[in-house]
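Please have the sequence and the coordinates open side by side. We will go through a few selected places, one after another.

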Amino acid sequence: MITRPQSPPVSGHASAKKDDGAWYKDALIYQLHVRTFCDSNADGVGDFPGLTKRLDYLSDLGVSAIWLLPFFPSPLRDDGYDISDYTAINPKYGTLDDFKAFLAAARERKIRVIIEMVMNHTSDQHPWFQEARNSRENPKRDWYVWSTTDTRYAGVRIIFSEVEISNWAWDPVSKSYYWHRFFSHQPDLNYDNPAVREAMWQVMQFWLDLGVDGFRLDAVPYLVEREGTACENLPETHEIIKDLRKRIDAAYSGKMLLAEANQWPADVRKYFGDGDEFHMAFHFPLMPRMFMALRLEDRKPIIEILEQTPELPEIGQWCIFLRNHDELTLEMVTDIERDYMYDEYAMDKTMRIYSGIRRRLAPLMDNDRRKIELLNGLLMSMPGTPVIYYGDEIGMGDNIYLGDRNGVRTPMQWSHGWNAGFSAADPEQLCAPLISNPIYGYQGVNVESQRRSPASLLSWMRSLIRVRNSTRVFSRGALKFLHPSNHRVLAYLRELDGERVLVVNNLSSSAQAVELDLRKYKGDVPIEMFGRNLFPRIGELPYLLTLGPYQFFWFRLRRI
Amino acid sequence: MSPREEAFLPDELLRQLMSVGEVDLIVGIRAHHDGAAIEQVIQQVENFCLRTFVRDRIALIGIDGHRNGASPAIEEASPLYRHSGALRTVHRLTIGSKIHPADGTTVRQLFSTADLLRAKAVAMISPSTAQLPQEWLTNLLSPVRRDNFDYVAPLYRRHWNQGLLIRTLLYPMTRAVFGFRIREMYSEDFAFSGSLLARSIDHDVWQEEAFRSRTESWMAVQALETGMPVCQAFLGQKDYPVSASGAAIVDAIRQAVGTLFSLMETHQNFWQTTSGSVPVRTIGPEHELIVEPVRVNRSRLFEMFHVGVSELEGVLRLILSPETHAEIRALAAADGGKLVFPSELWVRALYEFAAAYHRSVIDRDHLVQALVPLYRGKIGAFFEENSDATPDSIEAGSESLCLEFERQKPYLIERWNATPEVPS
């Protein structure tokens, strides 16, 4: 048994929904960048009015929460994670009123909104840093971490080691070093200064008052520095989170904090505290292992990592994903596993960046529809709240020749028409070039054409999400692995308050037979959840199933 | 309509195979009906495979089952999750002889299993191999897995008084007959490729005695005959029980020499066209001898030589030429002094044994057993000659013997192809 049921029994049908405030557990999150989603004013850059216009599309897909990548004023040297004003909208994306209108429209459609909270650092163009560097006597000076030498906190790992040689950068203006865990243009804030904590709380209040439903807190483990430590996951960081959480709970209800902590599950577990820190955290190590299991045709990596995953407090939930705006990170794998992943998924070194692979889902799967479906099936049936990265629902491709991770941040492909329906601007004016190659180009891969085809990936994804959303067993149920002798088949039960779903996945490229020990459920009838077809009643003998290449089944087990 | 062949793979094994699917490597471990004894070996092999062949799909196959109902050391296709450093599931299968106790069935099950799993490389090892350093398995498997060899024979570091059947008979005679310098073609440790496996089971080999009893040498000759790349790999020191007398040596000769003669029978078109010998690629040192004084009861060996030649006079007369028989009898009758068994006579006698086997002058098993007293005389003489020898001089003596076998090969062919005398 890996996890326990995480909600109290619900009267009536097990999947009946009762609002316990933990909406994030049952959410289907769609991650997008305003800049590349839809442009309403023909300037080549996506904006909030454009996004608002596309909300019906997201609603129809079954999305219940949108996670917006940073949309604040920024020099955009790190895709907006270098913020120069925390309480404004980047003018290219619209106005604050546009944002409010978007929030209202989303609320009308029962779609929650999660925004970024980049707490660890600001842009070096932020007024706070400008003040801090201009005078050592300025009160803002102590809002950042300064040093006269670059030898403090020696041995702390450099995260972007391909482009940074030190965590210290020399500031020629104030003639001293400042601390940065990411790019040198992103100075770390000093959380030992109560004024910084207060300022960030005010930022959060600003957005909460507007009506956002939650924050994804970026780079959480790095908030605090202490000599002689790795400057990661320090107890003081947890105190800061507890304090923020306490303030939120006191002033608001139904708000959610999501941690970005690319760490091992046991370390991330600490960010849930006793239910008094984060509500959710990404399960980073699971993601590469899903890809690994598929290529190895072996369930071992998935089972191993989930068996190492600790239980969460009652309010806690993992956030799981296949791809996102960053590289497919390989930090949480062994050297052997990383080499394997590189060789299997990124033979071309252009595809590799920062200990990871900068590719979208469809190209990683060689555009094999069966593999794309299987991975999405895993995502939707594993314990946790799934995140879909924009465009992956239609099988968008990437452009590995764009710098940094920009190859997976190209404009959304809405139609086969002008600029893929993303913008009416001249193509040269677009914020990023469109994908236009013969396989993934917008002429063939776009929302409009896939909407018209019931057999398209988009239609299939909509169906998948509908089935997932039909029950809480996937979002809240306990997970129990079955161990059939066929290692290419990953089988597990999800159980919640007497409701049981059997999930059987063939990870291999060839047809498989598998015998499942289901004696405990003798007498139950498996009902396939997509077609609602009955399968033979479970008896004493091993339950034999045959699965085609990369096929999966979801069965509701019913006593009828 | 021909009768349908009886199924030879037990249903339980078939279920295991369905679960395992396809593998890259198979390591077969002979349990010799002692599951408990190989438990440690299996664990060592598994750990080593996981470290060395990280990306490969691996199945460990225990052969022969277990004794006295003890827990089988090799669980049936049980996926393991305890190796967090490993990428893949390692499978454990059992090929038992509970249902089909005959050796032939077990070998057939093993080879069919390897074929059905589409194994790219198969290594067979014996439990005693666990004494060797862990690198040995790399040496055995890597030439197949990574260097495209189809057959790998082992080489061992031995004490000078060990492996004498190989040194004085099997190696030099096999080398001369088949033309390739493979020292250890009759060892339980060997490896082969999926290609050689496929080619081997393409024939109806299951009825061949040589295949069933000494699969390793059958496969080696198969590879040599079809021109598949063959090499030998140094594995390290392996200790054997010293059995210069007793039932063990009789069994060893019956099996190994019987197999050699049998292989000569089935591959006569191949070996009769070769002359001389060529080396094969060797990974590691070709040989290593440990020379330490040992106490050997040479008198007892000579006595057994004398008694055996005398008692088997009637049988030896049917096998050997009159000249050879006379010389052997004279040698056995020599009283006292130092026994010298001339290489020329030893080789000639062996070739006559082989030809007699070919002609089936008597029951073939009895014929091979009749070689035992001569062999005892030969190794008695070997100990006599080499009591103060250095490794180099022992090796030089062996090489000289090999050359004598090669020199007399035309005589073998002549005897082999001679028209049998019709009894008057």
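Predicted model: local features only at pLDDT ≥ 70, side-chain atom pairs only at ≥ 80, totals over all residues.

**A walk through helices, strands and a contact**

Staying in chain B, we can look at a pair of helices. Two packed helices are described by the angle between their axes and the distance between the axes. For helix α5 (residues 164-178) and helix α17 (residues 391-407) of chain B, the axes come within 8 Å and cross at roughly 45°. Because of that angle, α5(B) counts as oblique to α17(B). The crossing of α5(B) and α17(B) is right-handed. To find the place on your screen, select B:R167, B:T168, B:P172, B:M173, B:R175 and B:A176 in α5(B), which meet B:S398, B:L401, B:C402, B:F405 and B:E406 in α17(B). Sorted by class, this contact has six nonpolar, two polar and three charged residues.

Now please move to chain A, and to strand β10 (residues 317-321). Five of the five residues of β10(A) are buried, so this strand is largely enclosed by the rest of the structure. In a regular strand the side chains alternate between the two faces of the sheet. In β10(A), A:Q317, A:C319 and A:F321 point one way, while A:W318 and A:I320 point the other way, and all are buried.

Which strands pair with β10(A)? One is strand β9 (residues 280-282) of chain A, which runs parallel to β10(A) and is joined to it by three bridges. Here A:A281 stands opposite A:W318. Another is strand β14 (residues 385-389) of chain A, which also pairs with β10(A) in the parallel sense over three bridges. In that pairing, A:C319 has A:T385 of β14(A) as its bridge partner.

Chain A has antiparallel sheets to visit too. An open sheet of three strands has the order β4-β6-β5, with antiparallel pairing. At its edges stand β4 (146-147) and β5 (168-171), each with a single partner strand, so one side of each is left without a neighbour in the sheet. Strand β6 (residues 176-179) pairs with β4(A) over two bridges in the antiparallel sense, and A:Y177 in β6(A) is the bridge partner of A:S147.

Finally, let us see where the chains meet. The contact takes 15 residues from chain A and 14 residues from chain B. On the side of chain A that touches chain B, α10 (300-307) and α11 (335-345) are the elements that give two or more residues. By class, the residues on this side of chain A divide into five nonpolar, five polar and five charged.

Notes
Residues numbered from 1 in each chain as written. Chains lettered and ligands numbered in written order. Axes fitted to C-alpha atoms, helices over the stretch in contact; angles between N-to-C directions. Helix = DSSP H or I, 4+ residues; strand = E, 2+ residues; numbered from the N terminus. Parallel < 35°, antiparallel > 145°, perpendicular 65-115°, else oblique. Left-handed = near helix turned anticlockwise from the far one by under 90°. Contact = placed C-beta atoms within 7 Å. Nonpolar A, V, L, I, M, F, W, Y, C, P; charged D, E, K, R; others polar. Buried ≥ 20, exposed ≤ 12 C-beta atoms within 10 Å, placed from the backbone. Pairing = 2+ DSSP bridges.
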